[in-house]
Amino acid sequence: MASVLNSDKDGDKPPKSTVALPADYRPSSDEEFMNPVQLEYFRQRLWDWKKQILTESEGTLAVLQNEPLREPDLNDRASSETDWSIELRTRDRQRKLISKIDAALRRIDDGEYGYCEVTGEPISLGRLEARPIATMTVEAQERHERQEKISRDD
């Protein structure tokens, strides 16, 4: 599991930034959209999020390696196995999240971050704050989900 989570095509450390980010900085609609400071802000948020996920996964792996499931009572063993199953599913979701974070970091490097992949319109700063890996505006996402629901219902 750790090898999957730690396999990182983009490196384990963020690239050196040429933009100084003020400590209390928050993106604002009063400034140019996706200016270098905004891009650096989101780059740091994404890297910090990725680092947090990797740290949590390392902790899970350490516990799995050091605490084998040898509960003598069948009920206790079943409970432990259920807990670990839930934990491993969570880690799998986080592994998928890491690939989305890496994709967002690539979009920053490519100059595409913050713009809807469907319409090309800017994604609102509020949406990017709430979900920094967003690739669509709220409207485009809603249309996509409606289309997905229609195709599922058919």
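Author: Let us begin with secondary structure: helices (H or I, at least four residues) and strands (E, at least two) are DSSP runs, numbered from the N terminus. The model is a predicted one, in which local features need pLDDT of at least 70 and side-chain atom pairs count only at pLDDT 80 or more, while totals for chains, interfaces and linings use all residues. Residues are numbered from 1 along each chain as its sequence is written, and side-chain values use heavy atoms, with hydrogens and water left out. The protein comes to five helices and zero strands.

Reader: Which residues does the UniProt annotation "zinc finger region: dksA C4-type" cover, and how far apart do the end C-alpha atoms lie?

Author: UniProt positions are given in the numbering used here, feature names are shortened, and annotations may be inferred rather than shown by experiment. According to the unreviewed UniProt entry, that annotation covers residues 116-140. The end C-alpha atoms of this span lie 8 Å apart, and the span is 36% helix and 0% strand. UniProt also lists residues 111-146 as "domain: Zinc finger DksA/TraR C4-type", again in an unreviewed entry. For residues 111-146 the end C-alpha atoms lie 29 Å apart, with 42% helix and 0% strand.

Reader: Which residues does Thr135 touch, not counting residues up to four places away in sequence?

Author: A contact means heavy atoms within 4.5 Å. Thr135 is found in the loop between helix H4 (125-130) and helix H5 (138-153). By that rule, Thr135 touches Arg107, Tyr115, Cys116, Glu117 and Ile123. The C-alpha atoms of Thr135 and Ile123 are 7.9 Å apart, at 12 residues apart in sequence.

Reader: How is a backbone angle read, and is Met34 buried or exposed?

Author: Most residues other than glycine have a negative phi. Met34 has a phi near 55 degrees, a positive value, and lies in the loop between helix H1 (2-6) and helix H2 (36-66). Buried means under 20% relative accessible area, exposed over 50%, and partly exposed in between (1.4 Å probe, protein chains only). Met34 is buried, at a relative accessible area of 9%. Across the protein, buried residues make up 30% of the 154 residues.

Reader: How many aromatic pairs does a search of the whole structure find?

Author: A pair of aromatic rings is described by the distance of the centres and the angle of the planes. Rings of Phe, Tyr and Trp (its six-membered ring) pair if their centres lie within 6.5 Å; planes under 30 degrees apart count as stacked, over 60 as edge-to-face and the rest as tilted. The search finds four aromatic pairs. One of them joins Tyr25 and Tyr41 edge-to-face, at 5.7 Å centre to centre and 70 degrees between the planes. Tyr25 lies in the loop between H1 and H2 and Tyr41 in helix H2, so this pair ties together parts that are 16 residues apart in sequence. Tyr41 and Phe42 form an edge-to-face pair as well, at 5.1 Å and 80 degrees. Ring pairs link Tyr25, Tyr41, Phe42 and Tyr113 into a cluster.

Reader: How many salt bridges does the count come to?

Author: A salt bridge is a side-chain nitrogen of Lys or Arg within 4 Å of a carboxyl oxygen of Asp or Glu. The count comes to six. Lys50 and Asp102 meet in one of them, at 2.7 Å, N to O. Lys50 in helix H2 and Asp102 in helix H3 (residues 74-110) are 52 residues apart, so the pair links distant parts of the chain. Lys50 is buried, at 2% relative accessible area, and Asp102 is buried at 8%.
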